[in-house]
Amino acid sequence: MKFSFLVFLLFFTAKIKATVDSCDCLSNYRYLRNFITKNYIDYNYYKEIDRLGNFIDSVIGSSPQTAYSCFTNLKDYFNGFNDPHLSVRLLSNPNTFPKIQEIFSKSDSHFLVFDSTLLKNLSVSGIEGEYESIYYNMRIRLIKFRRKYYGIVVRGDNLFWYPNQVKFIIPNSRKLTGEIKYFSKEHSPKAFKYSFGRNVLSIVNADEFIKDTSGSIIPYIKRVGFKNLSDSTTLLSLTDFDISCKSLIDSTVHASSSQIFNKPNLIIDLRGNAGGSSDSYDTLLSIILSSGNYNFPGSRMKATPDNFFNFAKGYSDFNSKYSMDSILKSLKSFKIHKDGTIKISVARSIKFTSYHIYPKHVIIITDGGVISAAETLVDFARQSSKVTIVGENTRGGIDNLNARSLKMPCPIFRVSYPVTQRATISRYKNGIKPDIKLLFSGYQDWVVWAKNYLEKATHESKF
């Protein structure tokens with residue numbers, strides 16, 4: 001009996017030690033670096049990445065790492081690639097909640113915490129006041145303090161964000177547009193553009209806050225919306241192409257078809273659309289495409305067992321008609337080229353015939369928040385003679401696609417990496433450039449600008 005208990009104790013102790021050791025930062029970093037070196041299709045494109053990798057290895061190995069400092073070092077490594085589909089995040093589920101709460105509820109040196117006693121003594125005027133995020137479950141109080149504006153959390157998610165923590169800082173209180181220091185979900189500081197207008201604070205590519213003038217909670221933004229702007233112009237707002245949005249997009253377009261197909265002008269506002277699935281926007285193609293030939297690029301993949309497995313699993317999960325075994329068998333049959341890649345699809349051209357007279361003119365509004373599947377729509381749509389792209393460059397996440405999730409030894413870390421690459425000569429690391437670049441100072445009024453541009457051009461028969 002004693003022997004059995006001793007064996008159990010040794011086994012249980014070893015299991016605990018293995019779990020603790022699995023979150024050793026250096027082990028996780030080297031595991032990640034080794035995986036990316038072998039499987040990431042664009043690895044050799046970045047000439048300085050080995051030097052960065054060695055530097056971060058020495059940083060992690062030379063000093064004790066907390067869970068948060070380890071996380072930031074992993075992010076620094078990925079930042080060297082400038083690929084939006086290559087990222088590390090903290091996995092939040094019931095098993096990891098306690099660890100994440102332990103990290104983010106503390107007022108450590110890497111978190112800015114505002115003295116709550118100061119809030120009671122500050123007057124609120126002008127643009128100051130309480131604002132509700134329209135993307136996240138968060139409420140902030142905007143205050144002016146020593147010539148800066150601070151966004152102080154009033155209500156957070158009690159996981160990553162807590163009251164009195166600083167969500168953002170606007171360094172110059174005299175400007176209604178400019179650059180903001182914004183702290184992301186995991187509190188990493190980032191620089192974004194911001195714009196104030198009509199009780200709305202837009203933080204481009206990050207969030208949008210609406211000032212509460214009624215004392216009530218403002219509902220989250222609709223990811224899909226339609227609006228009649230005038231007798232000749234309609235507006236579709238699409239902030240998400242997640243596959244869960246497909247039915248909503250389809251039903252919205254169907255319910256609005258009598259307006260869309262009977263007016264000459266359509267505006268599609270894609271700002272902030274972080275992509276999802278190209279299937280989500282297929283109902284839009286018959287609206288925005290003119291008759292003609294359209295080119296589709298081929299795609300390739302680095303031929304590794306990990307990539308084969310992750311691609312096959314993701315594809316079979318998405319489309320139940322195909323089994324993992326059949327996809328893996330197909331991938332293994334492709335010819336491996338000298339650069340270690342296989343072509344999984346070839347470039348092709350498709351002839352399209354449009355059967356709709358209206359809309360005759362389509363403007364698509366973009367900014368740096370447009371990425372991935374949303375960028376593929378922009379890239380495809382600009383081949384249409386109907387379409388004009390306006391705004392700012394998209395994010396630049398169109399070269400490498402089909403992001404897959406990678407489990408790390410430490411259960412609180414989760415990595416995303418792209419498995420495929422578009423087989424094109426052109427690269428879009430700086431995003432897709434609009435046909436007409438709009439001034440950021442008018443960010444709040446880009447829809448109004450697009451409407452006026454279309455209606456003036458239609459009236460003067462410029463199209």
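Let's start with a pair of helices: α2 and helix α3, which covers residues 49-62, pack at an angle of about 165°, and their axes are 9 Å apart. Before I go on, please keep in mind that this is a predicted model. With that angle, α2 and α3 are roughly antiparallel to each other, because anything over 145 degrees counts that way. Their crossing is left-handed.

Who touches whom here? From α2 we have Cys25, Leu26, Tyr29, Arg30 and Arg33, and they meet a set of α3 residues including Asp50, Leu52, Asn54, Ile56, Asp57 and Ile60. Gly53 and Gly61 of α3 also belong to this contact. If you sort the residues of the contact, six are nonpolar, three are polar and four are charged.

Helix α2 runs over residues 25-39 and helix α4 over residues 67-79; their axes come within 10 Å and cross at roughly 20°. So these two, α2 and α4, are roughly parallel to each other. The crossing of α2 and α4 is right-handed. On the α2 side you'll find Cys25, Tyr29, Leu32, Arg33 and Ile36, and on the α4 side Cys70, Leu74, Tyr77 and Phe78. The residues of this contact divide into eight nonpolar, one charged and no polar.

Please hold on to Cys25 and Cys70 from that list, as they bring us to the disulfides. How many disulfides does a search of the whole structure find? The search finds two. One of them joins Cys25 to Cys70, with an S to S distance of 2.2 Å. The torsion about that S-S bond is about 95°, so the disulfide is right-handed.

Cys23 is partly exposed, with a relative accessible area of 35%, whereas Cys410, at 1%, counts as buried. Counting bonded cysteines along the chain, the disulfides follow the pattern 1-4, 2-3. While we're on cysteines, Cys245 counts as buried too, at 1% relative accessibility.

Let me finish with some backbone details. Which residues does a cis peptide bond join? Tyr358 and Pro359, with omega at about -5°. You can find Pro359 in the loop between β16 and β17.

Then there is Asn158, which is not a glycine and yet has a positive phi of about 55°. Asn158 lies in the loop between β4 and β5 and is partly exposed, at 43% relative accessibility. Ser372, not a glycine either, has a positive phi of about 60°. Look for Ser372 in the loop between β17 and α11; Ser372 is buried, with a relative accessible area of 11%.

Technical notes
Residues numbered from 1 in each chain as written. Predicted model: local features only at pLDDT ≥ 70, side-chain atom pairs only at ≥ 80, totals over all residues. Heavy atoms only, no water. Axes fitted to C-alpha atoms, helices over the stretch in contact; angles between N-to-C directions. Helix = DSSP H or I, 4+ residues; strand = E, 2+ residues; numbered from the N terminus. Parallel < 35°, antiparallel > 145°, perpendicular 65-115°, else oblique. Left-handed = near helix turned anticlockwise from the far one by under 90°. Contact = heavy atoms within 4.5 Å. Nonpolar A, V, L, I, M, F, W, Y, C, P; charged D, E, K, R; others polar. Disulfide = S-S within 2.5 Å. Buried < 20%, exposed > 50% of the residue type's maximum accessible area, 1.4 Å probe, protein only.
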